[in-house]
Amino acid sequence: MFGSRSGSQPLCPHCLRKLKLSGMRFFCVTEDERRHEVTLSLADKFKKRLPVCRRNFCKNKGLTIREAECKHCGKPLPPQILFHDKYLSFCAIGVAGAGKSSYLTTMLHELKYSGLPWVLQPMDVATTETVQLREHNVYENRQCPEGTKSGIAPEPQLWTILDNTEKLEQIPTYALTVYDGAGEDCEHIGYTAADAEIARYIAGAGMLLIMFDPLLLSSVRGEIVPEILNASMATERQTSAPANMVSMANSLANYIRQSCNIKPGKRIDSRAAIVLTKLDALRDMPGGFGSSSAIMKESPHAKARGFVESDSAMVDLEIRDWLNRQGETAFLDAIDANFKNVRVFGVSSFGNPPDRNKRLAKVRPHRVLDPIMWLLAAEGIIPQL
Ligand SMILES: Nc1nc2c(ncn2[C@@H]2O[C@H](COP(=O)(O)OP(=O)(O)O)[C@@H](O)[C@H]2O)c(=O)[nH]1
Ligand SMILES: [Mg+2]
Ligand SMILES: [Zn+2]
Ligand SMILES: [Zn+2]
């Protein structure tokens, strides 16, 4: 129904339909905002290039158009969106307060400064503004992100990655679309416009990041200092009863199934990264992860400029072991029964729990790049080591 998930097919980030030059409308913008439409010439179509304004007396005459939109859904598109070598996307799913927005903020920041020879550029104004605001909040103001309202479809973030790994004449470019926040009320997909939009995002995403908050486990809540626990929970969750991880896994899976139109009982074959958030809060917990465990060590992937499979397999195993020890075997079974292509990850977006006023210490994200490195290796963008 919607476009393929392969990394080489551009999709409209809003309606997820396949995107072609002929499926876009183009506009010339002059300084006095006299916007007018510019159509593709035969030569533009043939050479697959953006049109140029030919209107007499237009200040922009002779220059390439600056605005575009999707013919199908009418939403704005960055004109250069079509000219990437690969198209990557992922969607963060999880109940409200799981840590999705915090994770995406620090993950994208880390990706920018990962030491990989990459340049990350926002593709549109909306992404630039969102990111500036969020980064400023976390890294300058040292404040946790504001909770996301549920029932509102998130705006996709659009990025261009310039890959300067090999000094080529033509630098490979990847388009990366990030959807933050689906499944906040994960009981079911309703029939509102926002639900339909979220459903499309989930169905079209190249990878699902399914975020679980270990602090919702009753076995964990009993072992953690109340101050850390309260500071690490979204306010409205603090007093609510601990969640049953099995029913949460199943309802998220059903939510995804509905979005992707998959029969009940059939395993979901979208690549799924199961991400345990807020690892920092488990550091000093009795029966937590020991300091000699792989998961507590620095992630090796970015330094190695590839995806270190053995390390990731070890982390996956350690978390599964830990969940078993917490009595959450049924949760793991639910994950494996619902997803075909899964890997378990553990992250801390901040490196330390916030204080009681939700203020952050110096932000030192832990292993936040691991899930995306898994995707990049699968897409053949970084080597698997
Ligand atoms: N200890 C700790 N708490 C976190 C971390 N990330 C998020 N939190 C807490 O979880 C709350 C909700 O996070 P948020 O990213 O807004 O969750 P979302 O609703 O899934 O987008 C935050 O206000 C923090 O209190 C983390 O890495 N460590
Ligand atoms: Mg959020
Ligand atoms: Zn569209
Ligand atoms: Zn013009």
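**Ligand shell**

I sorted the shell around ligand 1 by class and got 10 nonpolar, 12 polar and 4 charged residues. Ala, Val, Leu, Ile, Met, Phe, Trp, Tyr, Cys and Pro count as nonpolar, Asp, Glu, Lys and Arg as charged, and the others, Gly among them, as polar. The model is predicted: local features need pLDDT of at least 70, side-chain atom pairs count only at pLDDT 80 or more, and totals for chains, interfaces and linings use all residues. Residues are numbered from 1 along each chain as its sequence is written, while chains are lettered from A and ligands numbered from 1 in the order in which they are written.

Of the 26 residues around ligand 1, I noted Lys100, Ser101, Ser102, Ser232 and Ser349 as the nearest (a residue is near if its C-beta atom, placed from the backbone, lies within 6 Å of the molecule). Helix α2 (residues 100-112) gives the largest share of this shell, 3 residues. Helices are DSSP runs (H or I, at least four residues) and strands likewise (E, at least two), numbered from the N terminus.

**Whole chain**

I counted 11 helices and 11 strands in the protein chain. Its radius of gyration, taken over C-alpha atoms, is 22 Å, close to the 21 Å that the globule rule gives for 385 residues, so the chain is as compact as a globular protein of that length. The rule is 2.2 Å times the number of residues to the power 0.38. Along the principal axes, the C-alpha atoms fill a box of roughly 75 × 45 × 40 Å.
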